[in-house]
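I set out to record, entry by entry, what I looked up in this model. The entries follow the order in which I consulted the coordinates.

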Amino acid sequence: MSKFTKSVFKFGLLFSILVSSGCVRMMLPTSESQLIQQSVGGGYSTELNMDYIQVYANLKRAYDKCVAYKSPVPNDMSYIAVDGQLERDKHQATIEAKANYGTYVSKVNLKEIPNGKTLLTLYLSKSKLLTENKNAELSQKRFEQEQLRALGNDPKCN
Amino acid sequence: MNLKNEKLKVQSKILLLAPLFILCVGCTVTKTPEGKSIGMLPIKSVPKHERYLNIDSSASKADKIQMYRDQLIEKYPNQDFTFIRTFPYRAYQSYDSLTPRPYMINTIDAHQVKVAEFIMFGSKNVLLTELAQQDLKVPVGVHDLVIINGFKSTSYYTEIKNVNFEKDKNYVMGTDYSKETGSRLYIAEYEIDQRFKANEPEYIVIKKKIVEGIEQGNLKHVKIY
């Protein structure tokens, strides 16, 4: 075995140990507050002309269909789990997407505002491998998609 | 040398038997969600014909559900009926071996509420999680209930006396959880929110709790099936 192959093998082994032991937690947010602090642009907000419960129902369906993920590969434990919470007494709702090792991918807050409208705020975790500009560009696209889904207008996911 | 071997043999026997002994003794006690230890003995099951609905093997899933829903009608002739179901917790929406047993009425005024028997390799099985989320017809008026729930082979029995079911109202069973009190069972009137699916927790909008704060597993008989 050449020196190069040996070192690649060693690096691979070390990398897989680090990943499997949860070093991912060092790179990605592991709590709601961390996600909000580190989110791209400090979060994106918009007002929607729809009741907050209807927005929540639309988004929940879309998240279940298009965001939630479980690897079909045997022994591959990667997943994205969606957790929604509707608090009718507080007139608000949240939907969180969480991945392996207790890391947070995104969070959307919905709050009822006067005239039957909803204030939607989306927090997205930053990708450390991308530049600030690329992060902002991707997040803007995702935010537009989120609004479409919130109004129930995404034919693929609603 | 021989003495040493004998000693080793005794030691290895102890090492092998001790965990077995601990396992056997330990298994006779289980803990309620509140952390109380309760005995799981006596190991006794209700006879099969009392536990399961008398269903023809050719019956469809829909027939089985209908039989479950209507089973109390013959026990309470000339009575008005209302409905009760379990809260559609997310845990009840998967159908694998790790799914806990949902809150279901085990007995009403000592009448056993029967369920559909699970038939190995059967294609028309209706699981407990599915049945629990169906509206069971219960007679209007004051009744004594025993509610069952649990996980795997362990079941908790919760007794609730004098539950008053009113006409034209639907009821749901569920639990409130707090760190101080643990899980406390309630029965509540509810309305439905059509914007959600029937198996989503948001589908049920709790209106008024007619019973609440009941300690889960207050009837200290745990049976193993």
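**Entry 1: two loops**

I located B:D168 in the loop between β8 and β9 of chain B. I took helices (H or I, at least four residues) and strands (E, at least two) as DSSP runs, numbered from the N terminus. The model is a predicted one, in which local features need pLDDT of at least 70, side-chain atom pairs count only at pLDDT 80 or more, and totals for chains, interfaces and linings use all residues. Residues are numbered from 1 along each chain as its sequence is written, while chains are lettered from A and ligands numbered from 1 in the order in which they are written.

I read a phi near 60° for B:D168, a positive value in a residue other than glycine. Most residues other than glycine have a negative phi. The cut-offs I used are 20 or more other C-beta atoms within 10 Å for buried, 12 or fewer for exposed, and partly exposed in between, with C-beta atoms placed from the backbone.

A:N115 is not a glycine, yet its phi is positive, about 65°. A:N115 counts as exposed because it has 7 C-beta neighbours inside 10 Å.

**Entry 2: strands of chain A**

I noted that β5(A) and β6(A) form a hairpin with 3 residues between them. Strand β5 (residues 103-113) of chain A runs antiparallel to β6(A), and 8 bridges join the two; I counted strands as paired if DSSP finds at least two bridges between them. Strand β1 (residues 44-48) of chain A is also antiparallel to β6 (residues 117-124) of chain A, through 5 bridges. Which residue of β6(A) stands opposite A:Y44? A:L122 does, and A:V108 also stands opposite A:L122.

**Entry 3: helix α4 of chain A**

I listed the buried residues of helix α4 (residues 52-67) of chain A, among them A:Y52, A:I53, A:V55, A:Y56 and A:L59. The cover over the buried residues of α4(A) includes β1, β3 (79-87), β4 (92-99), β5, β6 and α5 (132-150) of chain A.

**Entry 4: sheet of chain B**

I traced an open antiparallel sheet of 4 strands in chain B, in the order β5-β4-β7-β8. β5 (111-112) and β8 of chain B stand at the edges with a single partner strand each, so one side of each has no neighbour in the sheet. β7(B) and β8(B) are antiparallel over 10 bridges, and B:F151 has B:T154 in β8(B) as its bridge partner.

**Entry 5: nonpolar cores**

I defined a nonpolar core as buried Ala, Val, Leu, Ile, Met, Phe, Trp, Tyr and Cys residues joined through C-beta atoms within 7 Å. The largest has 33 residues, of which B:M104, B:I105, B:L131, B:I147 and B:M173 touch the most other members. Elements that each supply at least two residues of this core include β4 (101-108), α4 (128-132) and β7 (141-151) of chain B. Beyond four places in sequence, the contacts of B:M173 (C-beta atoms, placed from the backbone, within 7 Å) include B:I84, B:F87, B:Y103 and B:L185. A second, separate core of 25 residues includes A:L35, A:V40, A:A93 and A:Y104.

Conventions: Contact = placed C-beta atoms within 7 Å.
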